[in-house]
Amino acid sequence: MTVMRCCAALLFVGGSLVLQQNTVLGQTINHKLEPYLKSGNLPAVAAAVVDRGVLIEYGAVGTRKMGADIPVTIHDKFHLGSDGKAMTATLAGMLIEEGKLKWDSTLGDVFPELKKSMAPGVEKVTLEQLLSHTSGMRADDENLMKLLKDSFDVDGDLNDQRYWLTKESVKLPLVAEPSKAWAYNNRGYTIAGAMIERASGKPWDELIVERIFEPFELTTAGLGTQSSLGKIDAPLGHVKQKDGKVKSYMAGPNADNSMILGPAGCVHLSILDLATWAGWNAGNGTRMPCNIVKPEMVEKIHTPVFTIKGDNRPGTPPEGKYAHGWGWVTVDWAPYPLLYHGGSNGKNLAQIFIDKKKDIAIVVMTNIGGQQADTALRSIAKELYEDVVAQY
């Protein structure tokens, strides 16, 4: 089936999801979400279910700021975090289909002027290894924190700063043989973003707006802190402190990750817009917009590369398999592994669960980080999945 025929055949189904999102049809599930505010100690939580391309359930409950009476809505913007890595992988897929990059494009290929300064083996690190966290490069350590701090003194736009971070990072010795070990690596995704910028001639920040946000009509999607400076116009991020108190964060330098890390996770959007993105992936890219990448490319992006062992912090993939911006996770409430990713900046948490066999996508977001929130979102996903599967 060609992409053009695919679009024609599924135009009504794809349009149905967009239509339902704009008119907010479907069934509200606020009554299902309300109990989790207390049990999970959540300021707010939002969730949605897409079944075969149709938004069937949605809801958003709680407050934008803990202790304040500022109700959230289904149009409120929540932090997406590392769930945005799949968008970066999709941008890479676009450039691969256009012949501007290859899965095995190396750092030496893309940045030949840096070859002489690269530590042994770094020159051969590939785009796919960066997108699958198997590059063997140093990950989220004290060196990365220092580079992010020092980047404020680097002149230029974000793409200039990402190139600078790449230039400094390729000097560092590998900590593992590429493709032989897995380590969650926001540095690696930032470098992959720099490769995308070099190959496309545009900043990643501009590309994701032009080639993801706009084609998918993700009207609430943006980059950086979800709220505006001086305003509580979106759910504020929260942290549970050591004394048990919950602190909220207004928009500012400490409310989100450094914007240099955009390719690794600085996107925000509403639960309905996240449902659109997740539903498209659940359908393997066969629904509108069909001109993003071919279904075969979506399948490649979803294809596992490495098996993960052990637990990881909330907002990163748990034990299972990792693909490119997506993981595969086994849960006790589904008969087979689900496509999954989590995202967090420590103050917010978002999760996507996709059953590709049944074409079901479940998205859940909250404005607080931590293990308790992670457990609550997983419980919500389980309840919603079991409810929708029971209708089959």
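This short talk covers salt bridges in the structure above.

First, the ground rules. This is a predicted model, where local features need pLDDT of at least 70, side-chain atom pairs count only at pLDDT 80 or more, and totals for chains, interfaces and linings use all residues. Residues are numbered from 1 along each chain as its sequence is written, and side-chain values use heavy atoms, with hydrogens and water left out.

Now the topic. Side chains of opposite charge can pair when their charged atoms come close. Here a salt bridge means a side-chain nitrogen of Lys or Arg within 4 Å of a carboxyl oxygen of Asp or Glu. How many salt bridges does the structure hold? There are 20.

Take E168 and K171. Their side chains form a salt bridge, 3.3 Å from N to O. E168 has a relative accessible area of 23%. K171 has 40%. Both count as partly exposed, which means between buried (under 20% relative accessible area) and exposed (over 50%), using a 1.4 Å probe and protein chains only.

Next, E210 and K202. This salt bridge is 2.8 Å, N to O. E210 is partly exposed at 32%. K202 is partly exposed at 30%.

Now D359 and R287. Buried or exposed? D359 is buried, and R287 is too. Their salt bridge spans 2.9 Å, N to O. D359 sits in the loop between β13 (349–355) and β14 (360–366), and R287 in the loop between α11 (271–282) and α12 (295–302), so the pair ties together parts 72 residues apart in sequence. Helices (H or I, at least four residues) and strands (E, at least two) are DSSP runs, numbered from the N terminus.
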